[in-house]
Amino acid sequence: MEQGSQFFSRIPSLDDASPTPLYMQLQDLIRTAIESGAFPPRLTLPAERDISEQLGISRVTVRKAISGLVEDGLLVRQQGSGTFVMSRIDKQFGKLSSFSEDMAAKGRMVTSKWLGRTKANISTEEALAFGLSLGSQVYRFRRVRYADAEPMAIEVTTIAETALPSETAVGASIYDALAQQGQRPVRAMQRLRAVLFEPAQAQLLGVEPGGPALYIERRGYNSKGLMIEFTKSWYRGDAYDFVSEISCM
Ligand code: 16G
């Protein structure tokens with residue numbers, strides 16, 4: 001079924017006579033349709049103009065209804081591609097996988113926007129993390145990671161100088177580039193904490209400043225036990241569930 005007709009077959013009209021404000025009626029109907037599965041993850045909503053014309057309500061009303069659902073994390077507004085139903089991603093927290101592998105496993109297309117790709121002098125924080133002396137050099141990569149066209153995470157990665165021939169050796173995937181050098185991490189330590197997106201980060205991801213983020217630090221070690229990777233990731237808290245299997249010791 002065409003997406004607009006799927007929307008309007010479920011929400012054909014609103015009730016003018018009801019004491020419930022129109023934006024709230026629209027919100028409730030969309031929410032129920034999402035929660036019942038009638039509007040599946042990634043369904044694109046018709047344009048605000050089309051909803052307003054079809055239902056005979058103002059665009060301000062439509063926008064107000066949609067904004068509330070975006071704030072609740074049920075809908076995602078994407079510049080250029082419209083508004084669609086949020087799909088949450090289960091991420092195995094105990095698995096040493098890469099973003100590219102995680103997304104490929106979900107059938108999503110991975111792209112990244114480069115914010116930086118350099119070789120530089122190690123910072124104090126990196127020197128402490130790697131146990132290297134100040135004056136060493138490292139590779140630094142800063143990226144916004146996308147699943148299909150949807151921005152999912154910001155990642156700032158530092159790689160030990162010994163693990164790569166040059167910064168341009170990294171294309172779509174840092175783990176692929178490391179694997180080619182026989183340096184892919186085989187063990188990692190991770191720390192996760194809940195934080196709020198700073199305004200600049202929120203802008204990069206197209207989310208509200210102060211929205212929920214999962215901050216993850218990963219220290220990755222190669223098969224010889226040397227630390228290769230230090231990555232700080234900010235994953236969208238409204239898009240991810242972290243899943244792990246637990247058992248009795
Ligand atoms: C994941 C890793 C990150 C790693 C990146 C490599 C977590 C929390 N972080 O995002 O440490 O650097 O994948 O991805 O899983 P890539 O090979 O696609 O560049």
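Predicted model: local features only at pLDDT ≥ 70, side-chain atom pairs only at ≥ 80, totals over all residues.
Colleague: At 33% relative accessibility, what does Glu101 count as?

Modeller: Glu101 counts as partly exposed at 33%. The classes go like this: under 20% relative accessible area is buried, over 50% is exposed, and partly exposed is in between, with a 1.4 Å probe and protein chains only. Residues are numbered from 1 along each chain as its sequence is written, and side-chain values use heavy atoms, with hydrogens and water left out.

Colleague: How much of the chain is buried?

Modeller: Buried residues come to 44% of the 249 in the chain. For overall layout, the C-alpha atoms fill a box of roughly 75 × 40 × 30 Å along the principal axes.

Colleague: Which side chain does Glu161 meet in a salt bridge?

Modeller: Lys119, at 3.1 Å from N to O. Glu161 is in the loop between β6 and α7 and Lys119 is in strand β4, so parts 42 residues apart in sequence get tied together. There's also Glu125 with Lys232, at 2.9 Å; helix α6 holds Glu125 and strand β9 holds Lys232, 107 residues apart. Glu125 is partly exposed at 41%, whereas Lys232 counts as buried at 19%. Elsewhere, shared partners join Arg42, Arg108, Asp148, Glu150, Arg236 and Asp238 into one salt-bridge network.

Colleague: How is the chain divided into domains?

Modeller: Domain bounds come from an automatic or database domain assignment. Here you get domain 1 (3-85) and domain 2 (89-243), with 35 Å between their centres over C-alpha atoms.

Colleague: What area do domain 1 and domain 2 bury between them?

Modeller: Buried area is the accessible area (1.4 Å probe) that two parts lose on being put together, summed over both. For these two domains it's about 480 Å², 45% of it on carbon and sulfur atoms. Arg42, Val76 and Gln78 supply 67% of what domain 1 buries against domain 2, more than any other three residues. Counting contacts, meaning heavy atoms within 4.5 Å, four residues of domain 1 touch six of domain 2. Two salt bridges cross the interface. As for Arg42, its side chain meets that of Asp148 in a salt bridge at 3.6 Å.

Colleague: Which residues have the most contacts inside the largest nonpolar core?

Modeller: A nonpolar core is a set of buried Ala, Val, Leu, Ile, Met, Phe, Trp, Tyr and Cys residues joined through side-chain atoms within 4.5 Å. The largest has 21 residues, and Phe7, Ile11, Leu26, Ile30, Phe39, Ile51 and Leu55 have the most contacts inside it. Helices α1, α2, α3 and α4 are the elements giving it two or more residues. Apart from that core lies another, of 14 residues, including Phe99 and Ile216.

Colleague: Is Glu217 buried or exposed?

Modeller: Glu217 counts as buried, at 10%, and sits in strand β8. Leaving aside neighbours within four places in sequence, its contacts include Met189, Phe230 and Lys232. The Glu217 side chain also makes a polar contact with that of Arg219 at 2.9 Å. That term means N or O atoms within 3.5 Å; within protein, one must be able to donate a hydrogen and the other to accept it, and residues adjacent in sequence count only if both atoms are side-chain atoms.

Technical notes
Helix = DSSP H or I, 4+ residues; strand = E, 2+ residues; numbered from the N terminus. Salt bridge = Lys/Arg side-chain N within 4 Å of Asp/Glu carboxyl O.
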